[in-house]
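Morning, everyone. Please look at the screen while I bring up today's structure.

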Amino acid sequence: MLLYLVRRVLYAIPIALAVGLVCFMLVQIAPGDPINAIVPADAPQEVVEQVRRDYGLDKPLPVQFGLWLMKVVQGDLGRSLATGRPVTADLVSAVGNTLTLALVAAGIGFVMGSLLGTVAAVFRGSLLDKAAIGLAAAGVSVPHYWLGMVLVVLFSVTLNWLPAMGAGPGGSGAWAWDWEHAKFLVLPAVTLSVIPMGIVTRTVRGVVAELLNQDFVTTLRGKGLRRGGIALHVLKNAAPSVLAVMGLQLGYLMGGSILVETVFSWPGTGFLLNSAIFQRDLPVLQGTILVLAIFFVALNLVVDLVQTALDPRIRRA
Amino acid sequence: MTEPLVRVRDLEVRFVTRDATVHAVNGVSFDLAERESLCILGESGSGKSVTLRALMGLNPPRRTKLSGAVRVGGHNIIAASERRMADIRGSTVSMIFQEPMTALDPVFTIGRQIAETVMRHEGLSRAAADARALELLELVQIPSAKRRLAAYPHELSGGLRQRAMIAIALSCRPKLLLADEPTTALDATVQIQILLLLRRLQQEMGMGVIFVTHDLGVAGEIADRVAVMYAGKFIEEGPVRGLMRGPLHPYAQGLLGATVHSGMRGERLTTIPGAPPNLERVPKGCAFAPRCAFVEEACLPEVPAFRGPVPGHAARCVRVPQAA
């Protein structure tokens, strides 16, 4: 098992490198010269060349990549073209905010989805099942920026219970775990949780329903196990496939939803990406995409490891 | 007179769905004494597995309609609540299934799957249950049993898996063992080993055994008595030797004629023409009449009663002579 773990971590390294290369190339391929974003359009040619040299943009691409990679490994993602602040610092606070939002939304979505899915599978064909499927379908299909706005209209504008935007009182970006801050989290988290809830509901329902039809469940009943005992077996069998879906969903949530974060002015990665794109702020764009992609790789690694720990049949590979 | 281990009277099992009602078992009655072994023979769909499952209330609860009387070890199975059934299952009566690959939970070790049954019924500690699991694996002759306790089902061969299945079934020393085609999914050589093992365990532990199979060889190897099932009814019942040598019912004759055995090289294999009836409607007379070469007027108005030339061997056929 330990050997497997080490091997999987080693496998992740070339993937991370490839991700870095793609991030780097993305900017090179994108139309438009970043120099244009820095210097005024009427700047003389020497100034343009000077800036090009200062930013290292005159060197051959492989050298640029190598230099960039060296800095990235040391945690230096460069400076924002728009603000001049170090990208890493902005990114750390944005990732922190998105992580808070993503984890809470995932928590809501996964718990609700698991419950709804299990109930639907156990009472398959009943009214409860149909209600759960309906809810899941609605969750996946409703555009969540629209849902966000509806929630704002209802809970902020009409009822005045919850704040409509921001991540803390007085527009502060610093997060703290108290009700004053948590109030700001409720609406975006609920909005974001709806899609993972729908997907997890459908997955859990499918997996559990299929498991309940398996021969071994009859064996368990034949052994005299009660509902609780059987549930334990079904749970352990269902966990690997359900976790895989959850991992993927958590990955999407970590990416931060540009739309939801924009609707709620939530200072996370989605928000950051959005402004970086409009300002052609390449270092911010590169850094954000890189960090998110690494997150995804790491998350997949964790899901793989947990799956392997739970299902003895995978270990052979 | 003391009550037999199993007493079944007029058992009917119907599966009700929105589209149709399937009459899977249509009036089965039999007794099984302690230490006795009965083999139920029949084609797929004849209702033999359903009968077996009805003995421990394992048919899908929501769709199944049961009627008649079923008593096992003094418990009224038809009336028992699901809670009560859970106490009876695994302790008084347990079952071995056909497919050892799918009948074991793939993500739990063999040892755990045996131990949890013991812990459930006998309230043993984890350590004591593990010790019992080891004894049981040795009882069913699994080589290097200690190592196999920690094995997962996919790490064992089919034969070993079926042995593990038997160990689970026997873990709480049941009085009645039900076996649903326990050797069908195995290689021929492994089949014999499993059958010999089952026969030895039955004698050592003094269990009653009910076997379901479509394999006549299995029936001959294990059973004291054989019942032949067709369209949800027993159509012939008798001691194994008498029934195998001189089947009375034309269907039983056909079934025996359709098997390959030694000394028939060059002879033609016979088959039974036609197919078993659709059980969405119960046939009125003898269910085999449409396929029977000897059908006559008397077969059609009602199901023939059991008639037998010798005590203990009888068939539902109008052509069988009735002993005085």
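Let's start with a single residue. Which residues does F211(B) touch, leaving out those up to four places away in sequence? Here is the list: S37(B), C39(B), I40(B), A179(B), V218(B), I222(B) and A223(B). Keep in mind that this is a predicted model.

Where does F211(B) sit? Find strand β8 of chain B, residues 208-213. F211(B) lies in that strand. Is F211(B) buried or exposed? Count the other C-beta atoms within 10 Å, and you get 28. The cut-off for buried is 20 or more. So F211(B) is buried. Now look at D180(B). Along the chain, D180(B) and F211(B) are 31 residues apart.

Zoom out to chain B. How many helices and strands does chain B have? Eleven helices and twelve strands. Chain B has 324 residues, and 45% of them are buried. Its C-alpha trace spans about 65 × 50 × 45 Å along the principal axes. A compact globule with 324 residues would have a radius near 20 Å. Chain B has 21 Å, so the value agrees with a compact globule. Next, contacts. Take pairs in chain B that are at least 6 apart in sequence. Of those contacts, 62% join residues at least 24 apart.

A word on confidence. The average pLDDT of chain B is 86, and 95% of its residues score at least 70. For the model, ipTM is 0.85 and pTM is 0.78.

On to chain A. Here we count 13 helices and zero strands. Read along the sequence, the pattern is α after α, to the end. The C-alpha atoms fill a box of roughly 85 × 55 × 35 Å along the principal axes. Of the 317 residues in chain A, 35% count as buried. For contacts in chain A between residues at least 6 apart, 73% join residues at least 24 apart.

What does the record say? An unreviewed UniProt entry lists "transmembrane region" for several stretches of chain A, including residues 135-162 and 284-306. Compare the entry with the model. Over residues 284-306, chain A is 100% helix, with end C-alpha atoms 33 Å apart. Over residues 135-162, chain A is 79% helix and 0% strand, and the end C-alpha atoms are 24 Å apart.

Let's look at one helix, α7 of chain A, residues 144-158. Just after α7(A) comes N160(A), with a positive phi of about 60 degrees.

Last stop: where the chains meet. How many residues does each chain bring to the contact? Chain B gives 25, and chain A gives 19. On the chain B side, α2 (82-88), β6 (93-96), α3 (100-103) and α4 (110-122) each supply at least two residues. Which of them gives the most? α4(B), with four residues.

That's my tour. Over to you.

Conventions. Residues numbered from 1 in each chain as written. Chains lettered and ligands numbered in written order. Predicted model: local features only at pLDDT ≥ 70, side-chain atom pairs only at ≥ 80, totals over all residues. Expected span 1.5 Å × (residues − 1). UniProt positions renumbered as here; feature names shortened; annotations may be inferred. pLDDT = per-residue confidence, 0-100. Rg over C-alpha atoms; globule rule 2.2 N^0.38 Å. Buried ≥ 20, exposed ≤ 12 C-beta atoms within 10 Å, placed from the backbone. Contact = placed C-beta atoms within 7 Å.
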